[in-house]
Amino acid sequence: MAPLLIGPLMAKKRDAIVTFGAVVALYSLITAIAFRDVAPYLHSALLGPPEDNLQDFWNSWYAVTGHLQGAEFFRTNLIKFPEGTTLYYQSFAYPQVFLVWLGTKAIGTDLPHLILLQNLTILISFPLAAVGTFYVVRHVTRNAWSAVVGGYIFAFNPSHVEHTLHHAHVSSIEFIPFFVICYWLALERTGLMWLVGTIVFYALSALSCWYYLFYIGYFVIFHTLYAWVRDGQIPSGRQLLVPALTALGCIVLISPWVVPMIFEAMSGHNVYLGGFNTYVADVLAYFVFPPHHLLGATTGSINRHFTGNAWETTVYLGLANLGLLAWYVSRRKTADWQPLHYAAFGSAFFCVLASGPFLHVFGQSILPLPGVLHAFLPFLKNLRTPSRAIVFVYLFLAIAVAQAMVFLSHRLAMQPIRKYLTLGAICALIVVDFWPAKIDTTPISCTPGDAVIRDDPETDFGVLNLPVGLLNLPGGYIPGNASMAEQVCHHRPIVIANTSHEETQSLSARLEVKDLWLQRKQLIDSKVKYIVLRRKDDAVYRWTK
């Protein structure tokens, strides 16, 4: 009997491998096509306009070689010279910077290779997120081609595209769907394999972005409450054990990072920033083309009313997706609504979170929401950009749209030509509606001046970049990030730099900007040897009057 059993098992395993390889290849091809315009510059320019992507590049450089100049990783005076700063709250996307470090072992650490690795490790989130969502959706619909569509919706959602150009950590959504499928299977099946996968992918998500530690926790709470209502009884046994072990296992894995964060917050350091009621999802933003959409120019007057910046307010769900779902709801029978119910309630749950402390309509605060509690609770106060919770809305959206397409396919089963034409047209609309319309880049290169600073035989000195680039000083925010990216060229400590949270007070915070003689004394006493001046027309370093 053994050969009779082994044959089907081997065939099933082979089919699984072929399916995995096919979806990886498909989504990788889509990613390559979507970002084809920037492909020639992947070794010389960072994805996105000059903004936090410059700081993310510094994060990768620091993880690869910069930290070797100090005694410990999470304490450095390379930035905020001379006092330095701690980096527990810095926006490291740890899995991403690990991949950069791993890549340098093969191709080296020179500037073009660092830029290439930075870009590729960010872009890889697209095919990986799509593959994970493929398995999530297929688990619900039992249909492979609809799962392909679902994978595209989640991975290429406009919010992910926007954050890819600005925030490496927020764009690292690739582990979330793998967590979800492992979590579902851990609840359904005995054994440890799926539970271990759940904990590992939870930890990887949390290490990618601090926000995802909480958002995944909220997903676990939602799923538990949903199961309670659906089944009409309080969860027990494995339904309680899996969530508890998932949370405990994740905390244990990331404790070397989280525990110092807790002590730092308890010590009185300033680890919290504002923005709770600014960087939120506006109700209209779900339906209005975002600025970088193919038709974004037609809705510019509406987008300008939303609070926060363009990439944080991008929560567009897609008119093609919403139109299909509206049709699906109007035609669906009352039986077998569970997948749609699950996706609808899950989307609503995370839309509330993404809305922040108040419901925003056309930029105006309308109604208080539970998110107002985040402003008063320790650690949850770090979730100062509520709109990022939209990531789970897109996952539920992928499930709902895929379910609708399966339903449509069944309705048109007796009309094959009409079926394929209709499904093909809908898929095309979905793809176009989420297609990346504009990909900005930031060229990075070293100057002869950087070489002079780098080759200076002295060791104990710092560099001041002007104009000053801090939020509370003239010059704005971006130059501080640009100074960090420039440090990759000269490797010397810099005075002005931006960190995700201002845990310590350094020269950058008390630097005199009006009395130049006092400023001169400050710089001499602090061993600042070089002052780097940028031209007034520089695209990144912008002077104010």
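How do the residues of the lining of the second largest cavity divide into nonpolar, polar and charged? In this predicted model, six of these residues are nonpolar, four are polar and one is charged. The second largest cavity holds about 70 Å³ of space, and its lining is formed by Asn 157, Ser 159, His 160, His 163, Val 170, Ile 173, Tyr 212, Arg 388, Ile 390, Val 391 and Tyr 394. At least two residues of this lining come from H7, and at least two from helix H15, which spans residues 390-411.

This cavity belongs to a set of five in the structure that reach 30 Å³ or more. The volume of the largest cavity is about 110 Å³, and among the 13 residues that line the largest cavity, Pro 158, His 292, His 293, Trp 435 and Pro 436 are the closest to its centre. Helix H7 (158-164) and helix H16 (416-434) each provide at least two residues of the lining of the largest cavity, and H7 gives the most, with three residues. Seven residues of the lining of the largest cavity are nonpolar, three are polar and three are charged.

Turning to the pockets, the second largest pocket contains about 420 Å³ of space. Its lining comprises 13 residues, of which Tyr 135, Arg 138, Ile 181, Leu 185 and Trp 194 lie nearest the centre of the pocket. Three helices, H5 (125-141), H8 (175-188) and H9 (193-208), each contribute at least two residues to the lining of the second largest pocket. By residue class, the lining of the second largest pocket consists of eight nonpolar, two polar and three charged residues.

The packing of one helix pair was also examined. Two packed helices are described by the angle between their axes and the distance between the axes. For helix H2 (residues 52-64) and helix H4 (residues 111-123), the angle is about 115° and the axes are 10 Å apart, with H2 passing H4 in a right-handed crossing. On the side of H2, the contact is made by Asp 56, Phe 57, Ser 60, Trp 61 and Val 64, while H4 contributes Leu 111, Leu 114, Ile 115 and Gln 118. Of the residues in the contact of H2 with H4, six are nonpolar, two are polar and one is charged.

Key. Residues are numbered from 1 along each chain as its sequence is written. This is a predicted model: local features need pLDDT of at least 70, side-chain atom pairs count only at pLDDT 80 or more; totals for chains, interfaces and linings use all residues. Side-chain values use heavy atoms; hydrogens and water are left out. On a 1 Å grid over the protein atoms alone, a cavity is a set of points where a 1.4 Å probe fits but cannot get out, and a pocket is an open set with protein on both sides within 12 Å along at least five of seven lines; lining residues have an atom within 4 Å of a point. Grid points are joined across faces, edges and corners, and a volume is the space filled by probe spheres set on the points. Helices (H or I, at least four residues) and strands (E, at least two) are DSSP runs, numbered from the N terminus. Ala, Val, Leu, Ile, Met, Phe, Trp, Tyr, Cys and Pro count as nonpolar, Asp, Glu, Lys and Arg as charged, and the others, Gly among them, as polar. Axes are lines fitted to C-alpha atoms, for helices over the stretch in contact, and angles run from 0 to 180 degrees between N-to-C directions. A crossing is left-handed if the near helix is turned anticlockwise from the far one by less than a right angle, and right-handed if clockwise. Contact means heavy atoms within 4.5 Å.
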